[in-house]
Amino acid sequence: MKTKVFKFILPLLVIVMAVSFAFATNSTSDNQIAHYFDPLFGWQSVVIGDECGPVGENACEFMGKQLYSQPTTESIALRKD
Amino acid sequence: MVSLLFVLLFVYAAVSKLLDFKTFQIQLGQATLLRPVAGWLSWVVVVTELLIASLLCFVKTRLLGLYMSLFLMILFTVYIVIILNSAANTPCSCGGVLQALGWKDHLIFNSFFFLIALIGILIQRKQKYNLN
């Protein structure tokens, strides 16, 4: 009986622990979504780190293409130091 | 113990992905190879992780769960090797703190879990054999 309860409770505890960890670490992500225009596929989204922003000396690019804050060339062209 | 470690890993990874699902889908799409299938593949990955975690919770399905864990680890490792050999700067779509690992660290991480799955399978098979 004791073993049966243990076998049922232990996986449940681990699941609760995993879900708690996931919620606890969710806010640690520094990623932001940027956009670039692909002549073949149109506007594409990419996840970038926090190194790109509205100011900086160099263009922020993905595979040689300028990244924008929104899927339009009229939005902010992202830059980095 | 081995199966509980996988339950922790898969539930954590799946819930982390679900919490930031849009980012996960975009990251998957950043791998050129996966771009056309990123939409449905993102769901398949999450559902598979949760399915394997639930299989590992029950004695009767534990061995199957361990085989599936091993298979998933092989798939993830193949994906990492492809990413490492491609020039594109593809981010990891693993979810949670696992995202902070570099691709090479991930290769080591996956190899560890691959070995753990193998050990788990051997223990489970031995236990089953002893019971029969």
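How much area is buried between chain A and chain B? In this predicted model, the figure is about 2,000 Å². The views below take the interface and then chain B.

**View 1. Chain A meets chain B.** Here, 25 residues of chain A are in contact with 23 residues of chain B. The size of an interface is often given as the accessible area lost when the parts come together. Carbon and sulfur atoms give 74% of the area buried between chain A and chain B.

**View 2. Polar links across the interface.** Look for salt bridges between chain A and chain B, and the rule finds zero. Polar contact between the two chains comes to one residue pair, with both residues at pLDDT 80 or more.

**View 3. The side of chain A that touches chain B.** Three elements of chain A give two or more residues to this side: α1 (2-26), β1 (32-38) and β2 (42-48). The most comes from α1(A), which gives 13 residues. Sorted by class, this side of chain A has 17 nonpolar residues, six polar ones and two charged ones.

**View 4. The helices of chain B.** Chain B has five helices and zero strands. Trace the chain from its N terminus and the elements read α-α-α-α-α.

View 5. Chain B has 132 residues, and 48% of them are buried. Now take the contacts in chain B between residues at least 6 apart in sequence: 66% of these join residues at least 24 apart. The accessible surface of chain B is about 7,100 Å². Carbon and sulfur atoms account for 73% of that surface.

Definitions and conventions: Residues numbered from 1 in each chain as written. Chains lettered and ligands numbered in written order. Predicted model: local features only at pLDDT ≥ 70, side-chain atom pairs only at ≥ 80, totals over all residues. Heavy atoms only, no water. Contact = heavy atoms within 4.5 Å. Buried area = accessible area lost by both parts, 1.4 Å probe. Salt bridge = Lys/Arg side-chain N within 4 Å of Asp/Glu carboxyl O. Polar contact = N/O pair within 3.5 Å; in protein donor to acceptor, adjacent residues only side chain to side chain. Helix = DSSP H or I, 4+ residues; strand = E, 2+ residues; numbered from the N terminus. Nonpolar A, V, L, I, M, F, W, Y, C, P; charged D, E, K, R; others polar. Buried < 20%, exposed > 50% of the residue type's maximum accessible area, 1.4 Å probe, protein only. Areas by Shrake-Rupley, 256 points an atom, 1.4 Å probe, with all protein chains shown as cover.
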